[in-house]
Each structure stands twice: as C-alpha cells, then as structure tokens.
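This report describes selected local features of one protein model. Look at the sequence and the structure first, then read on.

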Amino acid sequence: ITFTDKASAEMKERIFKELKENNINHFGQEEEISTIHSFCSKFLKNHVTEANLSPSFKMADASLIEDIYANILEKIKQGEYFTIPNIDKIVENLGLSTEILEINNLAKLIAIQNIDTLFNDFISVIKKVKSLGLSPKEFLDKTIPAVQKFSETVETLPFKFPEKTDYLNSWETHLKSYCPKNCNFEKVFDNVCNEKVKTIITKNGKSKTSEWGYAEGFPENIKEITELEIYTIKVIACIYAIYQDILEGKDLVDFDDLINKTIEILKNNEIIRRYYQKHFKHIIIDEFQDTNGAQVKLLEYLLPDEAPNITMVGDKKQSIYGFRYARMENLDILQDIIEKKYKKKYEEIKLKTNYRSSKQILDVVNYVTSEQLNLDEPIFAGTGEINDSEVKYSVINSENIKTGLKEAEAKYMAQQILKYRNEKNLKYKDFAILVRKHSQADIIEQEFLKYGIPVIKKVNTNFFEKSVIKNIMSLFKLVQNIRSE
C-alpha cells in the first residue's frame with residue numbers, strides 16, 4: 001500500500017521486474033499493490049451490503065460535494081432545516097433535537113463570527129474530522145468532553161506563587177495531565193505558558209508574582225464560552241450527519257468515506273475482519289508519513305491477534321501533506337499501538353544514508369528539519385558529492401529573516417550574492433535563482449535592482465501571445481478543420 005498512484009505504479013514496476021529476474025510468477029497480483037483509497041474501493045465493492053451501498057455506487061466529484069454542502073447550509077441559514085429529508089431521524093440518532101438548528105439558537109453563533117464565514121469554516125472542520133475516521137456521533141461524543149476538560153484545566157490553573165519559575169514548574173505539572181502523550185509538551189509549554197505569564201503581568205499590572213491572577217474578565221467568561229463551544233460542536237455534528245445521509249441516499253461516497261466505511265465494516269463485522277487479517281500474510285505501507293488518522297485506524301484493524309504483519313516505511317523529513325491532515329507522528333503512533341497489542345518492543349530500522357542528494361542539500365534539509373520539526377537525527381550523503389566551489393548555499397534562519405517576509409528574503413539573497421561575488425571573484429551570470437511562481441520573481445527583481453544587481457527573468461508570461469505560438473496554434477486549428485477561417 002502506498003499514498004499516490006505514481007508511487008503505486010513504480011512499486012509494481014520494481015517488484016515485478018525483480019520477480020521476473022528471479023523466475024518467480026506473480027500470478028496476476030497487480031491489484032495487491034495499490035493506494036489506500038484503491039484498496040478500500042475494492043474492499044467496499046466486495047462488501048456493498050455491509051457498507052449500505054449498492055454494487056453500482058460511485059465517487060462524488062468535488063463540484064457535487066460542494067453543491068451538497070451549499071444546499072445544506074443555505075436551508076439551515078434560511079430556517080428551512082425541516083425540508084431536509086430524514087432530518088428528525090438524523091438528529092435523533094445523534095441524541096439531539098432539531099431545536100438547535102432553529103434561527104433564534106443559531107443567532108448565538110454571531111458572538112464567534114459572521115454566520116456565512118463560520119458555516120464555511122464548519123466544512124473544513126468536518127473534512128478534518130472525517131480524515132480522523134470519526135463518524136458524526138463519535139465526533140460529538142469525543143469532542144464535547146474534550147472541551148469540558150480543557151475548560152476545567154484552564155479554570156483550575158494555580159496562582160499566587162512567590163517566583164516566576166514556580167509558575168512555570170507548577171503549570172507544567174498541571175498541563176501535563178491534559179496534554180496527550182504524542183503532544184510535544186515542551187514546545188507547547190514554551191509557546192503558550194510563558195506567553196500566558198506575560199499576559200497576566202501586563203494586564204494586571206502587578207509587580208509581585210504572589211499577586212498575579214487571571215486577567216480581568218477571563219475566569220467568569222469561561223463557562224459562557226464553553227457552552228457556546230459545545231453548541232457549535234452540536235451544529236457541526238448535525239451538518240456532518242445530514243451530509244452523510246444525503247450521500248448515502250444518492251448511492252455516493254467521497255474519498256474519506258472509502259476509508260471510513262471500510263473501517264466501520266472491519267470494526268463491526270468480526271467474520272470479515274478475521275478473514276482479511278488472515279488473507280494478507282504481510283502488509284507493507286510506503287510513504288507512511290503521509291497517512292492520516294483514519295488510515296492508521298484502518299491498518300490497526302488489519303492486525304491479526306497472533307503476531308504483527310505490517311511493515312511501515314516512512315521519513316518524517318518528507319512529510320508534506322499536512323494540508324490533507326497527514327501526520328508524520330503516525331509512524332510513532334502505530335508502532336505504539338502494535339507494541340501495546342503484542343506486549344513486545346519492535347525496534348525501528350533507520351536508514352540514514354541518502355544516495356540521491358549531495359551533502360550540501362542534505363545539510364540544508366537537516367538544519368531546517370531540526371529547527372522547525374525538532375527532528376534531530378541527520379541524514380548523511382552516500383554519494384553525489386559536489387565541490388564547494390561549484391555551488392554555494394545559505395541557510396535562511398530566524399536571525400537572517402523573518403518567515404513570510406518576501407522582501408526580506410529577497411534582500412537577504414541580494415546580500416549573499418554580493419558577498420560571494422566579492423569573495424570568489426564571480427560574475428553576476430554565475431548566479432541563478434529558481435522560483436515557484438512569477439510573483440516571487442517580481443519581488444526579487446525589485447529588491448535586486450536596489451542593490452545594483454542586474455536581473456534577467458526567464459518566466460513563461462504571456463506564452464500564448466507570442467507570435468510563434470500564435471502561428472502554431474493557427475496551424476493546429478487548420479489541421480483540425482480545413483474549413484476554418
């Protein structure tokens with residue numbers, strides 16, 4: 001199993017080539033190498049009845065999903081929730097009543113944000129919840145107690161200590177009982193707790209730490225905020241449940257449903273679960289740093305009772321799908337699940353030598369990942385060494401530039417070019433800058449000109465306006481239709 005179609009195709013090519021060279025027949029097992037979504041799609045087609053689908057179920061495309069959400073939100077905002085099919089049953093299954101969708105109750109949400117903006121944000125929340133493999137009811141049952149626990153934790157923060165260090169030590173102990181195991185508490189503590197102390201000092205204006213307390217208006221508002229948060233969770237759960245009911249009514253699934261419905265069947269049907277646990281002698285998951293919570297849960301249900309049958313392959317330093325709710329920590333999370341299930345320690349095999357990149361590139365990677373991701377284990381170059389005189393690189397850190405300031409970034413590059421030009425007696429033509437989009441090139445050009453650095457931009461602007469391209473396009477049109485004017 002792997003993450004993308006491209007990676008899946010590459011795995012098939014490599015594995016079958018290896019088998020062929022060793023005169024081993026793979027007996028048409030192409031389908032056993034796939035992406036997680038392809039695996040789940042095949043699984044559901046074999047178990048449509050258990051998935052509450054027909055054999056002809058289809059994937060909902062993005063535009064249809066957008067239309068379904070828009071229609072749901074519009075009916076709720078207009079006070080017409082009662083026109084939604086099965087609404088009473090949907091809400092009742094959540095243990096709620098339709099009263100929470102009435103206009104006078106929804107008006108409470110204005111205290112948070114504009115209703116239109118807030119409802120659009122709800123869709124993002126639902127997508128994230130689905131990526132964790134949670135149903136509407138599970139989301140409701142898990143999130144409400146979590147909000148209540150957070151409020152209780154904040155309300156019971158200790159105060160009235162003689163020294164600032166006493167606050168930090170006490171709050172660390174207090175918050176550790178709240179933070180989950182896989183939470184990087186040191187980072188949270190540094191970023192939140194220290195700022196909290198500063199806020200208290202600033203707002204209360206007290207010089208003695210023993211006089212510090214909550215900022216004015218804060219403690220008495222916690223209960224009111226908690227009630228509003230819980231109401232918001234209920235509204236989100238209702239929208240999520242309505243969306244799911246509409247999809248099923250149309251015999252449709254989205255990408256998250258492929259995984260979540262597979263999980264639901266494996267969870268609730270012991271016969272099917274045991275069949276698949278025995279069917280696969282071993283499972284290899286590539287690019288594991290790109291998995292989300294639901295995918296980890298799926299793999300957990302495929303673990304047999306006797307011994308683990310899974311190999312995870314991943315690199316936290318290649319984790320780039322956070323915007324799809326992937327978590328590099330899943331490597332540690334599933335290993336922890338496996339060790340608890342089998343009551344045995346399984347050592348990870350670390351491959352620290354990289355044969356694709358040069359030392360210079362890996363130095364930059366190691367620096368960035370240690371600073372930003374707290375990944376302190378370096379990767380070493382096995383080959384591909386290049387001479388320092390050929391290529392120069394500079395790491396942009398917090399001392400050189402503030403993240404996100406494009407002008408400062410361009411200024412830093414200009415200064416480095418002038419520096420290396422003088423040190424090595426180089427010419428301007430010896431330097432090249434690669435950009436992802438044209439707007440970046442414009443900012444760099446403006447800043448370089450301030451330093452007297454000449455710039456030649458090579459970007460594909462107005463590509464189709466060039467005379468040679470126009471002539472070629474006209475020729476294509478003529479070939480396609482000789483009667484074209």
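How many aromatic pairs does a search of the whole structure find? The model is predicted, and the search finds nine aromatic pairs.

**Aromatic rings**

A pair of aromatic rings is described by the distance of the centres and the angle of the planes. Phe159 and Trp171 form an edge-to-face pair, with 5.7 Å from centre to centre and 85° between the planes. Phe159 lies in the loop between helix 7 (136–155) and helix 8 (164–176), while Trp171 is in helix 8, so the pair ties together parts that are 12 residues apart in sequence. Are these two residues buried or exposed? Phe159 is buried because its relative accessibility is 16%, below the cut-off of 20%. Trp171 is buried too, with a relative accessibility of 1%.

Elsewhere, ring pairs join Phe39, Phe43, Tyr275, Tyr276 and Phe280 into a cluster.

The charged end of Lys108 sits over the ring of Tyr231, at 5.1 Å from the ring centre. Arg421 lies over the face of Tyr428, and here the distance to the ring centre is 4.1 Å.

**Positive phi values**

Most residues other than glycine have a negative phi, and most peptide bonds are trans. Asn23 has a positive phi, and so does Lys343.

Exposed means over 50% relative accessible area.

**Cysteines**

A disulfide is a covalent bond between the sulfur atoms of two cysteines. How many disulfides does a search of the whole structure find? The search finds zero. Cys40 has a relative accessibility of 0% and therefore counts as buried. Cys238 is also buried, at 0% relative accessibility.

**Cavity**

Rolling a probe the size of a water molecule over the atoms shows where empty space is left. The structure holds one cavity of 30 Å³ or more. The volume of the largest cavity is about 30 Å³. Which residues line the largest cavity? The lining consists of Arg274, Gln277, Lys278, Pro304, Asp305 and Glu306. Sorted by class, four of the lining residues are charged, one is polar and one is nonpolar.

Notes
Residues are numbered from 1 along each chain as its sequence is written. This is a predicted model: local features need pLDDT of at least 70, side-chain atom pairs count only at pLDDT 80 or more; totals for chains, interfaces and linings use all residues. Side-chain values use heavy atoms; hydrogens and water are left out. A disulfide is a pair of cysteine sulfur atoms within 2.5 Å. Buried means under 20% relative accessible area, exposed over 50%, partly exposed in between (1.4 Å probe, protein chains only). On a 1 Å grid over the protein atoms alone, a cavity is a set of points where a 1.4 Å probe fits but cannot get out, and a pocket is an open set with protein on both sides within 12 Å along at least five of seven lines; lining residues have an atom within 4 Å of a point. Grid points are joined across faces, edges and corners, and a volume is the space filled by probe spheres set on the points. Ala, Val, Leu, Ile, Met, Phe, Trp, Tyr, Cys and Pro count as nonpolar, Asp, Glu, Lys and Arg as charged, and the others, Gly among them, as polar. Rings of Phe, Tyr and Trp (its six-membered ring) pair if their centres lie within 6.5 Å; planes under 30 degrees apart count as stacked, over 60 as edge-to-face and the rest as tilted. Helices (H or I, at least four residues) and strands (E, at least two) are DSSP runs, numbered from the N terminus. A charge sits over a ring if NZ of Lys or CZ of Arg is within 6 Å of the ring centre and within 35 degrees of the ring normal.
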